[in-house]
Amino acid sequence: MSEWNYTKCAKLFESEAAAREYMTEKDFAGWILKRDSGYAAVCPTYPEGYYPDAIKVAEIENSKHELAKSAWSLPIQNCC
């Protein structure tokens with residue numbers, strides 16, 4: 001897993017650009033969410049719906065392709 005941990009799996013920003021710059025600079029994978037109070041950068045393990053006010057506005061992949069790898073490790077839903 002990347003350098004994200006429980007203390008920085010979500011970080012608030014005033015703009016989408018600032019969140020994108022942070023994630024790119026740190027080589028973090030995850031999403032940028034638009035929230036009522038600004039924007040949040042969240043890690044690949046962000047549980048969908050954790051922030052009810054959040055709307056995904058960007059998907060950021062890192063050099064280790066951790067976002068893609070996390071999607072592959074999710075259980076198959078609605079199968080069979």
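Modeller: Under 20% relative accessible area a residue is called buried, over 50% exposed, and in between partly exposed, computed with a 1.4 Å probe on protein chains only. The model is predicted, so local features need pLDDT of at least 70 and side-chain atom pairs pLDDT 80 or more, while totals for chains, interfaces and linings use all residues. Residues are numbered from 1 along each chain as its sequence is written, and side-chain values use heavy atoms, without hydrogens and water.

Colleague: Changing topic, in what order do the strands lie?

Modeller: Four strands form an open sheet in the order β1-β3-β2-β4, with antiparallel pairing. Strands pair if DSSP finds at least two bridges between them. The edge strands, β1 (10–13) and β4, each pair on one side only.

Colleague: How many bridges join β2 to β4?

Modeller: Five bridges join these two antiparallel strands. Within this part of the sheet, I32 stands opposite A58 in β4.

Colleague: Which residues make up the largest nonpolar core?

Modeller: The largest nonpolar core has 10 residues: F13, A19, Y22, M23, F28, I32, Y39, A41, A58 and I60. At least two of its residues come from each of α1 (16–26), β3 (38–42) and β4 (55–60). The largest share, three residues, comes from α1. A second, separate core has eight residues, among them A29, L33, Y46 and L67. A core here is a set of buried Ala, Val, Leu, Ile, Met, Phe, Trp, Tyr and Cys residues joined through side-chain atoms within 4.5 Å.

Colleague: Why does M23 count as buried?

Modeller: M23 is buried because its relative accessible area is 0%. M23 lies in helix α1. M23 and C43 are 20 residues apart in sequence and 9.5 Å apart in space, C-alpha to C-alpha.

Colleague: Now the rings: how many aromatic pairs are there?

Modeller: The structure holds five aromatic pairs. F13 and Y22 form a tilted one, 5.3 Å centre to centre with 45° between the planes. F13 is buried because its relative accessible area is 13%, and Y22 is buried because its relative accessibility is 14%. Y50 and Y51 form an edge-to-face pair, 4.9 Å centre to centre with 80° between the planes. Rings of Phe, Tyr and Trp (its six-membered ring) pair if their centres lie within 6.5 Å; planes under 30 degrees apart are stacked, over 60 edge-to-face, the rest tilted.

Colleague: Is Y50 buried or exposed?

Modeller: Y50 counts as exposed because its relative accessibility is 55%.

Colleague: Which residues form one aromatic cluster?

Modeller: W31, Y46, Y50 and Y51 form one aromatic cluster.
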